[in-house]
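Reader: Please walk me through how to read helix packing and a ligand shell.
Author: Here is the model to work from.

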Amino acid sequence: MLETTIEFVKPAVAKPDTERWSVAQIAALFELPFSDLIYRAQSVHRQHFDPNAVQISTLLSIKTGGCSEDCGYCPQSARYHTGVENEELMALNDVVSAARAAKESGASRFCMGAAWRGPKQRDLEPVLKMIEEVKALGLETCATLGMLKEGQAEQLKEAGLDYYNHNLDTAPEYYGEVISTRTYQDRLETLDRVRDVGINVCCGGIVGMGESRNQRAGLLAQLANMEQPPESVPINLLTQVEGTPLSGTDALDPFEFVRTIAAARITMPQSYVRLSAGRERMSDELQALCFIAGANSIFYGEKLLTTGNPDVSADQALFAKLGIKPEQH
Ligand code: SAM
Ligand code: DTB
Ligand code: SF4
């Protein structure tokens, strides 16, 4: 198949040309013999992080389903028949109880997700209250609410939001195959708004959507070449949900997934690389390889937003077997 390559979509603030990773350089990392790549990633990891500490975040879907967007991977889009019902925004008390439970089971960050194209002002106000109360429990706060309009990032910052998650999802040239209702540029604008008000950026993507290796490298180039790369980089392995357009996509080779983690670690040495969606279908051994390749964050708790995640007891057993300790903030 003929593949067009867009080298890099320049965000408003990007690294100078001399400091950038080219897509070809990142693709060359993917081509390394597996041991050489892992050795390099683990060496970089040890220069910047405790190799035996993993940050843990718990996710809660505060507003599930009925989303207007057409993201081809997403069970929450109203356009696909996936069995996910359209629910209202959760009540404040229920969110705070879930956050308290997450803290008790060892999470240091609580991430609230909403199936919105972006928040309307009347949506944002109750979420600001949730952020304030979750923060008051002594947890780091994170939210993922879609695109932000002018002035909204300021309000989130004011409420005490520590991180905003907004993913680029894939390389610019593959993006149009997956989503049509918002552009890559829209996403970069939201990320700039978040960065400008001093909220930490959580931004990554999904692999296993049928993209090429070059396109996986292209996603990483886009992230690594931001003037300030994201503090947190979630790497999701597509969770295929029946009814979504991407259901039935050929599964990604697990070693290719580990290579993606390693390349993320090498190109973004100071970022937390989060092993995100897809862990439920990964063996302990595969997850251990991901940690060795530089992943140092996970989503913890039995559910992601609408799909499953490993049992807390399974994660605790895995951490014990590997001598990994949860990182405190
Ligand atoms: N609606 C908001 C938005 O799209 O920005 C926030 C929630 S949205 C579900 C957050 C992210 O979850 C998406 O950007 C995508 O990267 C990830 N995601 C959604 N469905 C997924 C799936 N089936 N497999 C892997 N990742 C998925
Ligand atoms: C991210 O990168 N992955 C999380 C979080 N950010 C919001 C979401 C994964 C969702 C997986 C599909 C679901 O559970 O609905
Ligand atoms: Fe909506 Fe977010 Fe799902 Fe896209 S990823 S359909 S914006 S909930």
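Reader: How are H3 and H4 oriented to each other, parallel or oblique?
Author: Angles under 35 degrees count as roughly parallel, over 145 as roughly antiparallel, 65 to 115 as roughly perpendicular and the rest as oblique. Axes are lines fitted to C-alpha atoms, for helices over the stretch in contact, and angles run from 0 to 180 degrees between N-to-C directions. In this predicted model, helix H3 (residues 92–104) and helix H4 (residues 121–136) pack at about 30°, axes 10 Å apart. H3 and H4 are therefore roughly parallel.

Reader: How do the axes of H1 and H8 cross?
Author: Helix H1 (residues 23–31) and H8 cross at roughly 120°, and their axes come within 8 Å. H1 and H8 are therefore oblique to each other.

Reader: And what about H8 and H9?
Author: The axes of helix H8 (residues 213–224) and helix H9 (residues 254–267) cross at roughly 25° and come within 10 Å. That makes H8 roughly parallel to H9.

Reader: Which residues are around ligand 3?
Author: A residue counts if one of its heavy atoms lies within 4 Å of the molecule. Around ligand 3 are Cys67, Glu69, Cys71, Tyr73, Cys74, Ser77, Ala115, Trp116 and Arg182. By class, that shell has six nonpolar, one polar and two charged residues. Ala, Val, Leu, Ile, Met, Phe, Trp, Tyr, Cys and Pro count as nonpolar, Asp, Glu, Lys and Arg as charged, and the others, Gly among them, as polar.

Reader: What conventions apply?
Author: Residues are numbered from 1 along each chain as its sequence is written, and chains are lettered from A and ligands numbered from 1 in the order in which they are written. Local features need pLDDT of at least 70, side-chain atom pairs count only at pLDDT 80 or more, totals for chains, interfaces and linings use all residues, and side-chain values use heavy atoms, with hydrogens and water left out.

Technical notes
Helices (H or I, at least four residues) and strands (E, at least two) are DSSP runs, numbered from the N terminus.
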